[in-house]
Amino acid sequence: MKRISLACALVLHPLASQGADLEVKPTMGASVVTYKTEYPLDGEHTNNNALMLEPSLRTSYTSRALKAALTLKNTSVLQSKNSSELDKSFTDVNFNSNLGLWDQRIQFNAQSSRTHRASFAGDAGLTDPILNAEELSTVQSNNASLSFTPKRPDYVGVSLRAQVGESRTQNNPTSFNPDGDLNSDNLNFNASIYQGHAIKQLYWTLSGDHLETKRSGQDDFTRRSLQARLGFALYQDWHIIAVGSDYDNEGVSNGAGPNNVDSKSYGAGLEWRKDSGRYIGITYNKFKQLNNESNYVGVDLSWPFSSRTAVQASYDKRFFGDNYNLSLNHNNRTWRTRLGYNKGLTSYSQLQLVPGDPLVLVCPQGSVDGSGCFFPDSPGYEPKPDEVQVNIPTLRQELTDEIILRENAYFNLGYNRSKLLINLNYNYGYMDYLESSRSQRNRSLELSATYKLGGRTDLKLANSYVRTDSIEGSYGQEVRRYSVTLNRNVSKAANLSLTLRYLEREAEDVSRNLEDTRLTLNYIYRF
């Protein structure tokens, strides 16, 4: 152990001596909550008061090569009634780091998080440390990646990336999770070869991806893909192109079966291409799956109109049928717009390794009141180690190792001018759980408006609606939430807010129906 510690110290010493900056920010949050929860089925109701303490410590380290951030947050709930059953205490941890070497050509990233969330996707935003706290599950995710990207290669460019990750959950016995605890390990390799900037009349891109998921109690899952694109210049920006793809999936133990989740496609066509990031291509393709063959016209579009606006769209075929992808981002001083649609084979643990949701909002790591959050000006904004991305609204997958065919559509609209900030978010998700032959549809709509009453006072109104539809053995419910918050910056270090919230859940299992009314006085002090 001493040798390992000494070796780490020798390696990190040059990094720490390059003008390093260490910042430690402790914060104390305290909330007094009075609430009433009603259960319409049996007419029972609960009136109670609670004290919630949320001390947190946010630490960030920045040097020329290394950037890291660690946030520790403890949540303790003390109830005035039934305290022996309702009192809770747990700690969330979030760590992010980035090490850039060789003029940022080599990147090493490490992340670790320990959070508490609802096992059932439809209860996101409902289950919290006070309401149904016994249904919270502990989620631990650890990920690391190492990548190499050359800087403007002359003739041939090679990019490499390796990722490892693990996901663990510990569910309470009363939590809604028919699949039990999650225990999976992921390993992902991807590589791409492409032409350098000195080659003008010819371009090519060959990329491959290999992902393995080892699952406890289920078959291991392996996903491989190979994609190729070759173009020859005809006249000015016009090119003849040839494209091909091969997708191979192994380990889906039921439902779709192990053989019919593979597909191959190849074709040729024309493309108008300004550079590697701006092109429009149309191809005629042959699609193969098992003994079935068909032809289709494929489309591939990537066009950044400016540094603030970009659109990407494509159409091809996969084993599940038509495959559409769309991403539209537009920003200006007043408006922020995100629009997108995608579909693919994945799992909960794979999404921790390769996120599939749109980046909407960026917040300081450990932010407990949403202060300091902002919309990124660029669609390709990369969060810093001491920042976290917030995907709004949050439509989560269930905590399960199962392989899912995930369809996701989203629309996010933000308006920010003078004293008024408005956010409108819609998300649609359809999850087909291939191994248990069940499906689930989630829809979420969120609207919020914040108005500055003065230099230190804000008024916020928020409404949200989440619907989970029961399809083929899944579970259905609706959750509506309304709140109004008056927020006051007492000083540069202190913040005081008062929130009135009403929440209602209507479920197919009527025993889960409830109404919750809550008044919260929250005080935050930053040392």
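Guide: Let's start with residues 493-520, where the end C-alpha atoms lie 20 Å apart. This span is 0% helix and 75% strand; helices (H or I, at least four residues) and strands (E, at least two) are DSSP runs, numbered from the N terminus. The UniProt record, an unreviewed entry, places the feature "coiled-coil region" at residues 493-520. UniProt positions are given in the numbering used here, feature names are shortened, and annotations may be inferred rather than shown by experiment.

A word on what you are looking at: this is a predicted model, in which local features need pLDDT of at least 70 and side-chain atom pairs count only at pLDDT 80 or more, while totals for chains, interfaces and linings use all residues. Residues are numbered from 1 along each chain as its sequence is written, and side-chain values use heavy atoms, with hydrogens and water left out.

Now look inside the span at Arg518, which forms a salt bridge with Asp516. A salt bridge is a side-chain nitrogen of Lys or Arg within 4 Å of a carboxyl oxygen of Asp or Glu. Here the closest N and O atoms are 3.7 Å apart. Arg518 and Asp516 are both buried, where buried means under 20% relative accessible area, exposed over 50%, and partly exposed in between (1.4 Å probe, protein chains only). Side chains of opposite charge can pair when their charged atoms come close.

Glu504 and Glu506 belong to a network of salt bridges that also links Arg441, Arg443, Arg467, Asp469, Glu478 and Arg480. Arg443 forms a salt bridge with Asp469, with 2.3 Å between the closest N and O atoms. This pair links distant parts of the chain, 26 residues apart: Arg443 is in strand β22 (residues 438-452) and Asp469 in strand β23 (residues 457-471). Arg443 counts as partly exposed because its relative accessible area is 26%, whereas Asp469 has 10% and so counts as buried.

Over the whole structure, a search finds 30 salt bridges. Another one joins Asp220 and Lys214, whose closest N and O atoms are 3.8 Å apart. Asp220 is partly exposed, at 39% relative accessibility, and Lys214 is partly exposed as well, at 47%.

In soluble globular proteins, nonpolar side chains tend to be buried together.

Leaving aside residues up to four places away in sequence, Ser245 touches Leu226, Gln227, Ser263, Lys264 and Ser265, with contact meaning heavy atoms within 4.5 Å.

Finally, visit two loops. Arg152 sits between β6 (136-148) and β7 (156-170), and its phi is near 45°, a positive value in a residue other than glycine. Arg152 is exposed, at 62% relative accessibility. Leu290, in the loop between β13 (278-289) and β14 (292-304), has a positive phi of about 55° although it is not a glycine. Leu290 is exposed too, with a relative accessible area of 58%.
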